[in-house]
Amino acid sequence: MVEMKQLETSPSNITCQNLPFLLSSFVDTFVDFSVSGGLFLLPQGLNPEPKSNPYFNSNSVDPKSNPDFNSNSVDPKVSTTLQTIFPAPTRLIAIGDLHGDLSKAKQALRLAGLVNGEDRWCGGSSTVVQVGDILDRGGDELKIMYLFEKLRREAVKDGGTIITMNGNHEIMNIDGDFRFATKEGLEEFKDWAMWYCVGNDMKKLCEGFGGPTEDPFDGIPHEFSHVKPELLRGIRARIAALRPEGPIAERFLSRNQTIVVVGDSVFAHGGLLPNHVEYGLEKVNEHVRDWILGVRDNVARELVKGKDSIVWTRKYSHKVGKHCDCSTLEYVLNTIPGAKRMIMGHTIQQGGINGACSNRAIRIDVGMSKGCGNGLAEVLQINENSQITILTSNPLYQRKNETLGANLQDELGSVIPKQGQKQVEVHA
């Protein structure tokens with residue numbers, strides 16, 4: 001490529017060496033706009049200081065203190081730990097599995113009054129927890145990640161917090177397991193790779209640019225015997241993006257928590273067992289994060305890979321509440337100071353959001369994605385008095401938005417109709 005020696009401006013000439021990070025920020029914004037479907041992400045460096053930062057604890061290094069800080073390209077390796085425990089907000093919203101369905105993601109956000117008609121944040125100081133499984137089964141996986149990132153940057157101006165978590169499908173993709181990726185999803189990642197490489201080539205035009213422009217496909221085979229030729233480019237792009245140290249893994253997935261405690265609510269995609277608590281909540285988040293960043297070669301199977309791991313267990317998700325392992329749940333909650341309930345996704349509740357174990361287990365995966373049930377949007381709301389409400393778009397709910405807790409039948413949740421209580425379990 002022709003090397004651009006100098007950028008000419010008026011009234012004076014400014015060399016590329018004087019503005020390498022300005023160029024990088026411009027290129028990153030261009031690539032983000034192209035990949036995200038037309039979103040402009042508010043540069044983080046322009047945000048006022050948040051009342052609480054969901055990604056860096058008080059002992060972490062703030063990348064904005066670095067004079068070479070690039071507002072659109074935060075290096076997640078700069079910080080030390082993810083925040084695990086958050087204070088109780090005035091309003092807490094929990095959103096279940098989204099599986100690549102951007103339309104349903106927006107429906108859930110609007111149902112909770114978090115975004116306006118233009119998909120801008122209007123949720124004030126609300127805290128939002130999305131419990132994982134944005135990846136797989138749909139074609140808008142990257143667009144959903146970009147949407148949550150945009151809203152996170154907007155929310156922080158109002159003291160709001162958006163937390164995204166690891167589900168089993170995030171872990172599977174980082175591990176190179178793409179069994180549940182769709183053709184549309186592969187196309188989206190193929191488009192990402194094209195724009196990402198274009199961005200790298202644009203940066204290389206500037207002689208003074210000192211940022212990373214490594215080939216994201218480095219080390220990835222050009223052929224796989226079990227992959228159809230028409231899918232090969234999408235598979236290679238998905239590996240490049242999501243493998244440990246991959247650009248999308250670093251930028252988005254490394255910021256996901258695996259365990260979160262917000263006020264008196266504990267969040268985990270599948271659920272927590274005693275050995276997970278004994279391992280240490282902060283330690284779990286740190287070790288999973290370090291694996292995603294390539295700092296660790298692997299992560300303990302008991303945390304995110306085994307059938308009884310945090311993102312895979314279904315011990316509290318049986319369709320009949322009395323068949324859940326309530327004694328284990330009680331023990332786990334009693335070991336976490338102030339915890340009253342555990343909120344989880346992972347197992348589709350066809351009858352809607354519901355509670356088990358005297359509402360100590362709240363199951364919020366309602367199969368919203370058209371690739372995984374096409375259920376109607378529902379979200380969980382918890383107010384400052386720890387009162388739980390289900391917000392639903394289901395017109396069959398005669399007691400819409402009724403408070404969860406009174407007159408439970410078989411501990412399936414008070415807003416679930418007497419008919420249609422069957423749970424559909426998805427095995428991945």
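Trainee: How do you know how α3 and α5 pack?
Mentor: Compare their axes, which are lines fitted to C-alpha atoms over the stretch in contact. The axes of α3 and α5 (residues 183-204) lie 8 Å apart. Their angle is about 65°, on a scale from 0 to 180 degrees between N-to-C directions. This is a predicted model, where local features need pLDDT of at least 70, side-chain atom pairs need 80 or more, and totals for chains, interfaces and linings use all residues. Numbering starts from 1 along each chain as its sequence is written, and side-chain values use heavy atoms, without hydrogens or water.

Trainee: Which residues make the contact?
Mentor: Contact means heavy atoms within 4.5 Å. E141, L142 and K143 of α3 meet G185, E188, F189 and W192 of α5. By class, that is three nonpolar, one polar and three charged residues. Gly counts as polar; Asp, Glu, Lys and Arg count as charged; Ala, Val, Leu, Ile, Met, Phe, Trp, Tyr, Cys and Pro count as nonpolar.

Trainee: What makes β6 and β13 edge strands?
Mentor: The open sheet runs β6-β5-β4-β12-β13, with mixed pairing. β6 (161-164) and β13 (388-392) each have a single partner strand, so one side of each lacks a neighbour in the sheet. Neighbouring strands are turned by 20° on average, direction ignored.

Trainee: Why are β5 and β6 called paired?
Mentor: Pairing takes at least two DSSP bridges. β5 (residues 127-130) and β6 have four, in the parallel sense, so they qualify. For V129, the bridge partner in β6 is I163. Strands here are DSSP E runs of at least two residues, helices H or I runs of at least four, numbered from the N terminus.

Trainee: Where does α3 lie on the sheet?
Mentor: Across β5 and β6, at about 150° to β6.
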